[in-house]
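Please examine the sequence and the three-dimensional model shown below. The paragraphs that follow lead through selected features, one at a time.

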Amino acid sequence: MTWTDLKSDLAATGYVASDDLAMALHLSLELGRPLLLEGAAGVGKTQVAKTLAELKDTRLIRLQCYEGLDAAAAIYEWNYQRQLLSIRAAANEDASSEEIEERIFSDKFLLRRPLLEAIQQETAPVLLIDEIDRADEEFEAYLLEVLSDFQISIPELRTIEATTRPHVVLTANGARDLSDALRRRCIYSFVDYPDRTAELAILNKRNPGIEARLAGQIVGFVQALRKEDLEKKPGVAETLDWAAALSGLGINDLAEDPVALQASLVCLLKTQADRAAIPAEVAQRLAGKAA
Amino acid sequence: MPATRFPARAGGTAERMADFMAHLRANGLPVGPPETEIALKAFTSIRAWDTTEARLALKAICAGDADRFARFDDLFDAFWLNGGRERQGFATREECRTKHRVPTFGPGVDRTARSGERGALDQPDGGDDSGGAEQSGEGRLVASRLRNIEKVDLRELMMPEDLKRAERVAERFGKTIRDRRSRRRKAARRGAQLDLRRIARTSVSAGGEPIRLLKRRRPDRPVHLVALLDVSGSMTVYARVFLAFLKGLMSADQRTDAYLFHTRLVPISDALRDNDSLRAVNRLSLLADGFGGGTRIGANLTQFNAQYAAQRVNGRSVVVILSDGYDSDPPGVIAAALQRLKKRGCRIVWLNPLKGWKDYEPVAAGMAAALPHIDLFAPANTLEDLAALEPQLQRL
């Protein structure tokens, strides 16, 4: 499969990828390396992993990172309560302590968390490690180890080797600088807001019923809005929401009903300051330009 | 489309690729043999003779962050499609930037600098990088760009991106000084230790079985920063960078308090906390009326003690004073004010931009009087100095 094939496959599954992204994804699949995606919120980084899972017809295992994420929540944990009950139950059976220990530290008592689960699948899953920059640096270092060897050692049990190597997709949006070591292990792509044609293609793909003229207006408006000085720029998801909202309101032309347009902007502008930054006149000007 | 010209000596793709990596490395991208290897492997799974494909593939492999990602196309063109030129683009841009950074000498500090040079005494004052300004590097390697900026005296840092860097250094500074753990342990949802006392208590209802494991951890006891910035005439050249520094401290911890002083003391925490940087600047300039005038450190510290210290300063505070110590009040006033401030149990850090100059002696009467009451007296005339403070702050 070449990267252009991959690109058209992605498009058929509903994801319009840029050349950069399609090539990065292609290489990451070919070379078996993790793919690191950076970019603003709402440009479709997470969606890449979801689409890839759909395309490969495999499971998507997702690990959402947050501050304070530790190995117990990401890799494995012993089911302590169950172990305790098992010990209590064994007290009447008069089994030796070695037997009990063997029993309670077996697979049955292991709670698998995303990373362990991902390397034990029959078919290679897509492992999405979302917002890696939110996790602590210690976790990043641990992740490096897992991603390079694809094995996890559990002291009480054994070292678990990967049955299949998952396709790893990491996303980050710059909450913290990632280490160079992690960056160098990965194939990198920076995902930017789509340009006009790409966004139009996305809108048509996701919302096939939409009228061509309105679609053009919507995309033009959102593209113009991103150039304004906003705290949070509307992402692709917001565009799609807004398109759905407009068709729900029965609006066929942005210029036709200023009040409804202004009201529907709640789909695009998500903070108080941004709402204030785009008063009705500005919205009208943008709509006029987009038409 | 221009064809790639292979020099006669090139042995093949592998060697050319290694050359390309060397080219990237010379332009500041951290790539090496592993990247060469992946790139060669990648070329087997794409149509490597197509320039676009090769470009996209190499970009995905070699560009590690957004900045390099944006720059990569130029570097690619320069190497593969250049026709023999080397190191264009990035290197020249860098030169331009250095040229802009002509030192702007201010009256007060200038004198000190010159006298130091003319005296030609080569006894450095304290650290090895003290004469930072003398080495302000023009002819340095492009790859060592970060270091270069750090060595330049703060007065030359007037470019917006440098100010941003100052903010980042400050953020790190703020975090180091702030992150403190208590020695005690408190109950918590997650933690390294078991809370045996609570486990015993809750296990009573389960017939003595410790079904729920409760944890303890050492709670954070954040240090509270109070920054006092001198913006008198002798300090104006540093003022912008230090303001950026304060803004950085602010974004590291919103509870930080900041004050400006010249002949009066002005609280500026609210203005700096403003998310809208333009509005923040406007508010600041309204407040900073008197910027660049005379200094009355002693009187201002006394006022700070009387007016703000009672609410703002306690045993968990670190008071950072950014000043050169040239005071028009009698030195006894500073000493008395600092002594009184010290009684609140806080730590006092004095960052003096002059201390970084060669042969600096705290001869200014105010500074000499202040020294006995200060926990840490450190230079602050290069960003590197500020960054180097981290370990010392940790010990405070």
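In chain B, helix α3 (residues 51-62) packs against helix α4 (residues 66-80) at an angle of about 130°, and their axes lie 10 Å apart. Here helices (H or I, at least four residues) and strands (E, at least two) are DSSP runs, numbered from the N terminus. Axes are lines fitted to C-alpha atoms, for helices over the stretch in contact, and angles run from 0 to 180 degrees between N-to-C directions. Angles under 35 degrees count as roughly parallel, over 145 as roughly antiparallel, 65 to 115 as roughly perpendicular and the rest as oblique; α3(B) and α4(B) are therefore oblique to each other. Their crossing is right-handed, a term for the near helix being turned clockwise from the far one by less than a right angle, whereas anticlockwise is left-handed. On the side of α3(B), the contact (heavy atoms within 4.5 Å) involves Thr51(B), Ala54(B), Arg55(B), Leu58(B), Lys59(B) and Cys62(B). From α4(B) come Phe69(B), Phe72(B), Asp73(B), Phe76(B), Asp77(B) and Trp80(B). By class, the contact of α3(B) with α4(B) comprises seven nonpolar, one polar and four charged residues. In this division, Ala, Val, Leu, Ile, Met, Phe, Trp, Tyr, Cys and Pro count as nonpolar, Asp, Glu, Lys and Arg as charged, and the others, Gly among them, as polar.

The model is predicted: local features need pLDDT of at least 70, side-chain atom pairs count only at pLDDT 80 or more, and totals for chains, interfaces and linings use all residues. Residues are numbered from 1 along each chain as its sequence is written, chains are lettered from A and ligands numbered from 1 in the order in which they are written, and side-chain values use heavy atoms, with hydrogens and water left out.

Also in chain B, His373(B) occupies the loop between α15 (365-370) and β9 (376-379). With a relative accessible area of 17%, His373(B) is buried; buried means under 20% relative accessible area, exposed over 50%, and partly exposed in between (1.4 Å probe, protein chains only). Leaving aside residues up to four places away in sequence, His373(B) touches Ala335(B), Leu338(B), Gln339(B), Lys342(B) and Ile348(B).

Chain A has 15 helices and nine strands. Of its 291 residues, 48% are buried. Among the contacts in chain A with a separation of 6 or more, 73% join residues 24 or more positions apart.

Glu199(A), Ile202(A), Leu203(A) and Arg206(A) of α10(A) meet Val236(A), Thr239(A), Leu240(A) and Ala243(A) of α12(A). This contact of α10(A) with α12(A) has five nonpolar, one polar and two charged residues.

Two loops of chain A deserve a separate look. Most residues other than glycine have a negative phi. Asp57(A), although not a glycine, has a positive phi of about 55°; its place is the loop between α3 (45-56) and β2 (60-64). Glu131(A), also not a glycine, has a positive phi of about 55° and lies in the loop between β5 (126-130) and α8 (137-149). Asp57(A) is exposed at a relative accessible area of 69%, whereas Glu131(A) counts as buried at 17% relative accessibility.
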